[in-house]
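Here is a short briefing on charged pairs and helix faces. Please look over the sequence and the model first.

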Amino acid sequence: MISIKDMSLSKKLLGGFGLVILLLAIVGFIGYNGTTSVRGYLTSITESDVVMVNDAAALQRSVLVATDGVNSYGLGGGSEAKNEYDAAVKDYDTTEAALNKMDLDTEEKSMMAEIAALQNNFQDSATKYIQAIDGAKTDKNADTAAAMAKFDDDRAKLDAALQKFEDYQQSSMKDSIAKSNTTANNAVLTIIAVCIIAAIIGFGIAIYISRSITRPMDEVVLGAKDIADGKLEVKVQNTSKDEIGTLSNTFQTMANDLRMVIGDVGNVMGALSEGDINKQIQVKAKGDFEKITIAVNNMQNNLRDVIM
């Protein structure tokens, strides 16, 4: 398995940037999903819940107008009151048909079926009440009173069912608003959390890459200063295999070669100063260092030839 410190600097930088970009992509994805969810809830509120609440209120108004029309007819309102009732029933049927075409859930379908049955009872009792009124305009006999009581009872039941439906729609709208707010808040909190994590990871990556460059470079700089001051015992330690590691190891090799060449030349010169002309440089130098060792050995050989 490849260690991070053995990766090249370019791969470390690309990996760090790639991780940050990935985290930013996650932030964007979370934000998009949150926005989409909120938009869905808002669509449900504006295109479904609000419409159903308004239609439920419209049904109640139609029942109220129809009731007023029937009662007005009973009080001698004549054909105008009856026409008012008929118009209210027509408005009710139109609104009810529009509601049934909407995407209703199981509970809403059940309530609409109950409302339809109660509406039929309401219209039937209204018709019978009107017929009883026509039969006895001024003399309220038992049949008229019974018809009126049945009409009032059916109206009360229909009103209760419509109120239940409207309350359900109000509750559904509040739930959609609450879910929308919760989703939006969760999306914001998640985005903030991921941004903080991305910032921490990005900061950590920046520190790691910076230190992986500056620490070994500081050691190389200090080593170069030591050599400039004549101190050849330089120790630059870096086990990484990236470009900085290669530079550190190369510098250490150069320092070692320089120390060995200078040390060996010093030993030979010291021997010459003491009259030993047989001691030669043993180190196998490279490059320009080799020219120095060869020159010293040649000088020593020439001196030996002169003396002997």
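Buried means under 20% relative accessible area, exposed means over 50%, and partly exposed lies in between (1.4 Å probe, protein chains only). This is a predicted model: local features need pLDDT of at least 70, side-chain atom pairs count only at pLDDT 80 or more, and totals for chains, interfaces and linings use all residues. Residues are numbered from 1 along each chain as its sequence is written, and side-chain values use heavy atoms, with hydrogens and water left out.

**Helix α2**

- Helices are DSSP runs of H or I with at least four residues, numbered from the N terminus.
- Helix α2 covers residues 79–100, which is 22 residues.
- From first C-alpha to last, α2 reaches 31 Å, close to the 32 Å expected at 1.5 Å a residue. The expected span is 1.5 Å times one less than the number of residues.
- The buried residues in α2 are A81, Y85, A88, V89, Y92, T95, E96 and L99. They sit on the same side of α2 because they cover an arc of only 130 degrees around the axis. That arc is taken from the directions from the helix axis to the C-beta atoms.
- Exposed residues S79, E80, K90 and T94 are on the face of α2 turned away from its buried side.

**Salt bridges**

- A salt bridge here is a side-chain nitrogen of Lys or Arg within 4 Å of a carboxyl oxygen of Asp or Glu.
- Side chains of opposite charge can pair when their charged atoms come close.
- Searching the whole structure gives four salt bridges. Three of them are described below.

**Pairs in helix α4**

- D154 pairs with K150, with the closest N and O atoms 2.6 Å apart. These two are four residues apart in α4 (residues 142–228), so about one helical turn separates them. D154 is buried at 5% relative accessibility, whereas K150 is partly exposed at 42%.
- R155 pairs with D159, with the closest N and O atoms 3.1 Å apart. R155 and D159 are also four residues apart in α4, so about one helical turn lies between them. R155 is partly exposed at 24%, and D159 is partly exposed at 25%.
- K157 pairs with D153, with the closest N and O atoms 3.4 Å apart. Both lie in α4, four residues apart, about one turn of the helix. K157 is partly exposed at 45%, and D153 is partly exposed at 37%.
- An α-helix has 3.6 residues a turn, so residues three or four places apart point the same way.
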